Amino acid sequence: FGQPLHAFDADKIRSGRIEVKKLEAGTAFITLDDKSRNLHAEDLMICDAEGGLCLAGVFGGKNSGVTDDTKNIFLESACFSGIGIRKTSFRHGLRTDAALRFEKGTDPGLCERVLLRAVQLITEIAGGEVIGNPTDLYPGKKDKTEITLTWQYLKKLSGKNYHPEAVRTILQSLG
């Protein structure tokens, strides 16, 4: 789907609750690569009751990361502002796949679908058990954008003639 996900060790989330916010400039934060980074006032963070867990949309924190000993995970699927993610990513020298995806823009309408698919794969392949239901905090749902595609434009764009049923099947499978 091209939608970044982040897995947290659920047992390391103090208070059992997370919050998205900005922390005070200069706050030290240790990332998954064991480096201490001083936060900027504009860095968006995923936090628990005691502090930062993750540089939102960029890189996870050392104290919330999944390890071989992890038994329970909290899976996050989010949509972040590309501009803010880009600034944080460059500021900390963390050019991650997730940051690049958010910079280019992700579809907020896919967050829940991607999360449910990841959960399905975890249960089917890894034998995971789902506890609780997904929570969607997106403030403004958008209607799906409808795109008109003409055969002439498809041929011009691709340089090839496609059978109408093949095109229909591909587009339907993409939703």
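**Exercise 1.** How do the residues of the lining of the largest pocket divide into nonpolar, polar and charged?

*Solution.* Work on the predicted model.

Step 1. Find the space. The largest pocket holds about 1600 Å³.

Step 2. Collect the lining. It counts 40 residues. Phe74, Leu75, Glu76, Leu115 and Thr135 lie nearest the centre of this pocket.

Step 3. Sort by class. The lining has 24 nonpolar, nine polar and seven charged residues.

**Exercise 2.** Find the elements that give two or more residues to the lining of the largest pocket, and name the one that gives the most.

*Solution.* 

Step 1. List the elements. They are strand S2 (19–22), strand S8 (73–77) and helix H3 (111–126).

Step 2. Pick the main contributor. H3 gives the most, with eight residues.

**Exercise 3.** Describe the second largest pocket: its space, its centre and its lining classes.

*Solution.* 

Step 1. Take the volume. About 1100 Å³ of space lies in the second largest pocket.

Step 2. Go to the centre. The pocket is lined by 24 residues, and Lys144, Thr145, Ile147, Leu174 and Gly175 are the closest to its centre.

Step 3. Sort by class. This lining splits into 12 nonpolar, three polar and nine charged residues.

Definitions and conventions
Residues are numbered from 1 along each chain as its sequence is written. This is a predicted model: local features need pLDDT of at least 70, side-chain atom pairs count only at pLDDT 80 or more; totals for chains, interfaces and linings use all residues. Side-chain values use heavy atoms; hydrogens and water are left out. On a 1 Å grid over the protein atoms alone, a cavity is a set of points where a 1.4 Å probe fits but cannot get out, and a pocket is an open set with protein on both sides within 12 Å along at least five of seven lines; lining residues have an atom within 4 Å of a point. Grid points are joined across faces, edges and corners, and a volume is the space filled by probe spheres set on the points. Helices (H or I, at least four residues) and strands (E, at least two) are DSSP runs, numbered from the N terminus. Ala, Val, Leu, Ile, Met, Phe, Trp, Tyr, Cys and Pro count as nonpolar, Asp, Glu, Lys and Arg as charged, and the others, Gly among them, as polar.
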